[in-house]
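Please look over the model below before the notes that follow. The points are numbered so that they can be answered one by one.

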Amino acid sequence: MNTFYGWVGALAASGWLPADFQYPFLTRGFLCVLILSPLLGGLSHLVVTRRMAFFSAALGQAAITGVAIGLLLGEPLNAPYGGMFGFCLLTTLGMVYVKRHSALPPDTLIGVFHALSLGLGLCLLVALARQFNVHQVESVLFGSLLTVTDADLLLLVGVAVIVAVLVFRQYNSLLLDSLSPPIATVAGAQSAFLEYLFAMILTLSIVVSLKVIGALLVEALVVVPAAAARNLAGSARSYFLWSITVAFLASAGGLGISTKLLVPTGGAVVLAATAIFFVTLAGSALLRRKQQQTGR
Amino acid sequence: MNDEPPLIELVDVSVRVRGEHLLTGVSMSVAPKSIHLIVGPNGAGKTTLLASLLALVVFDGQIIAHWRGSGEIGYVPQSFAVDPSLPVTVQDFLALTRQRRPVCLGLTASARRRVTELLHEVGLQGLERRPLSVLSGGELRRVLLAHALDPIPELLVLDEPASGLDEGGVRQLEELLQTLRSGGTTVLMVSHDLDQVRRIADHVTVLDRSIVTQGSAEEALALDRVLALLPSERNRRARG
């Protein structure tokens, strides 16, 4: 990878690329953005269609608890993936299982898990503060490009490939199951399998994105791109493509803002995403008004 | 009624949800190539009966299918709520089970052709690119019917398919069902419209959490205990 960073750095030095790309961490960050945009942006339109926005928020909170568990179990400070993935997976399976076996509304049940993981996380972080400087886990909470390593990048690529294969194989069934579980079941889809599968895909994607976006903000990138895309799209295809485009613009814009203004990457990405959302919202409202006037 | 063995047999089917009996000891059979209607008051368990047949709910008892052909089932549910901001078009929806390629990557030429044919069959030609969320209730019912008709099912299960349809739409639906029956499809349908039941039913089951009576439309709808269950029928007779 060093050769690649050197080559990009040379291009930046000779003026072919922006000067910031002389720094390998920024090149690595941009590569993360190129992978995260289709990964989270692509998933976001299914997350919103399957009404799993709150579920994603609960997963982000669970990741904080997972980090604390990982560090307490002795995982390295810059890669507590075992604790994060283990606890997030347990939370995911618990949420889906209870949702499928309880008559209570899904948002109520997710709220219970949300509170549980946050409470546990806070207690564990206090325990952690006796062993570590708790500010060292800030990068996981808010996201930081400085802590992203080549190994993180490779993990992101690997997960993105697995997620793409799984989602594309099951995409039509997932969408039909989102629209009408009974019709999907009669058409041969296994609703329970799809629900568990998608929840695990989402968990995996969120966990590998945390170091860039941050646990507190990652759910925004799996909700806001699709919300913005809904203001623009007129079909399933354009919904998918706009979700990815918005995720890319928000991530690349956020990366630029965080580098220039020295603010956390996750916060900058989320601000960029929400700014795009409000622009699309205003744009679609203006367009509708114009169409109504033309129609009169 | 024909004398062939049944396509579907329900033997002592019961459904209990959180302690409440929604269906108790339902035994009935559905003859092949027939139009079999289920009627009953609200809360009689009609939708639950269809859900049992489609294995959408847990039930006690036995449901036996004696398939003679493809064993394909088409289903039009009673409710289909569409998120008003969802950008999924009619052709996206119908292509979901008609192509392997993810619909978000675009539609195949063969799926497009088939969607156009299906929409023509249900009288919705030209609505391919219209979002599901802007369709009227009647149009949405027809889209669901188009979905259920491909591939041509051996058993077509419809839960109040005429609700939301105008008079012309109801007639078109009835003609379509009769054409399907002639082609070998068995139709099992819930309806509240007793005039429609008289027009198209080969066999009627009156349900009120258990079976009240079964038989031809004239036989089943003539009984006093059925009259007591179905206010619309009572009113019709009162009007003379």
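1. In this predicted model, which residues are in contact with His36(B), leaving aside its neighbours within four places in sequence? They are Val30(B), Ala31(B), Val187(B), Leu188(B), Asp202(B) and His203(B). His36(B) lies in strand S3 (residues 35-39) of chain B. With 23 other C-beta atoms within 10 Å, His36(B) is buried, because the cut-off for that class is 20 or more.

2. Val197(B) belongs to helix H6 (residues 194-200) of chain B. It has 22 C-beta neighbours inside 10 Å and therefore counts as buried. Not counting residues up to four places away in sequence, Val197(B) touches Leu37(B), Val39(B), Ser191(B), Val204(B) and Ala217(B). Between Val197(B) and Gln99(B), 98 residues apart along the chain, the C-alpha separation is 36 Å.

3. Confidence: chain B averages a pLDDT of 91, and 95% of its residues score at least 70. The model has an ipTM of 0.90 and a pTM of 0.89. Where pLDDT is low, the predicted coordinates should not be read in detail.

4. Chain B is split into domain 1 (8-82 + 135-239) and domain 2 (83-134). The centres of the two domains, taken over C-alpha atoms, are 27 Å apart. Contact between them involves twelve residues of domain 1 of chain B and 18 residues of domain 2 of chain B. On the domain 1 side, helix H4 (residues 137-148) of chain B gives the most, with seven residues. By class, that side of domain 1 of chain B has seven nonpolar, two polar and three charged residues.

5. Does the end-to-end distance of helix H3 (residues 109-121) of chain B agree or disagree with its residue count? At 1.5 Å a residue, its 13 residues should span 18 Å, and the end C-alpha atoms are 19 Å apart, which agrees. Just after H3(B), Gly123(B) takes a positive phi of about 75°.

6. The buried residues of H3(B) are Ala111(B), Val115(B), Leu118(B) and Leu119(B). They cover an arc of only 95° around the axis, so they are on the same side of H3(B). An α-helix has 3.6 residues a turn, so residues three or four places apart point the same way. Helix H2 (90-95) and H4 of chain B are among the elements that cover the buried residues of H3(B). On the face turned away from the buried side, H3(B) carries the exposed residues Ala109(B), Ser110(B), Arg113(B) and His120(B).

7. Backbone items to check in chain B. The peptide bond joining Asp150(B) and Pro151(B) is cis, with omega about -5°. Pro151(B) is in the loop between H4 and strand S6 (155-159) of chain B. Two residues other than glycine with a positive phi are Asp12(B), at about 50°, and Arg209(B), at about 70°.

8. Are these two residues buried or exposed? Asp12(B), found in strand S1 (residues 8-17) of chain B, has 12 C-beta neighbours inside 10 Å and so counts as exposed. Arg209(B) is in the loop between strand S8 (203-207) and strand S9 (211-215) of chain B. Arg209(B) is buried, because 22 other C-beta atoms lie within 10 Å.

9. The contact between the chains takes 23 residues from chain A and 22 residues from chain B. Helix H7 (150-179), helix H8 (181-186) and helix H12 (236-261) of chain A each supply at least two residues of the chain A side. H7(A) has the largest share of that side, six residues. By class, the side of chain A that touches chain B has 14 nonpolar, seven polar and two charged residues.

10. For H12(A), 26 residues at 1.5 Å a residue should span 38 Å; the end C-alpha atoms are 37 Å apart, which agrees. H12(A) is followed by Leu262(A), whose phi is positive, near 55°.

Conventions. Residues numbered from 1 in each chain as written. Chains lettered and ligands numbered in written order. Predicted model: local features only at pLDDT ≥ 70, side-chain atom pairs only at ≥ 80, totals over all residues. Domains from an automatic or database assignment. Contact = placed C-beta atoms within 7 Å. Helix = DSSP H or I, 4+ residues; strand = E, 2+ residues; numbered from the N terminus. Nonpolar A, V, L, I, M, F, W, Y, C, P; charged D, E, K, R; others polar. pLDDT = per-residue confidence, 0-100. Expected span 1.5 Å × (residues − 1). Arc of directions from axis to C-beta.
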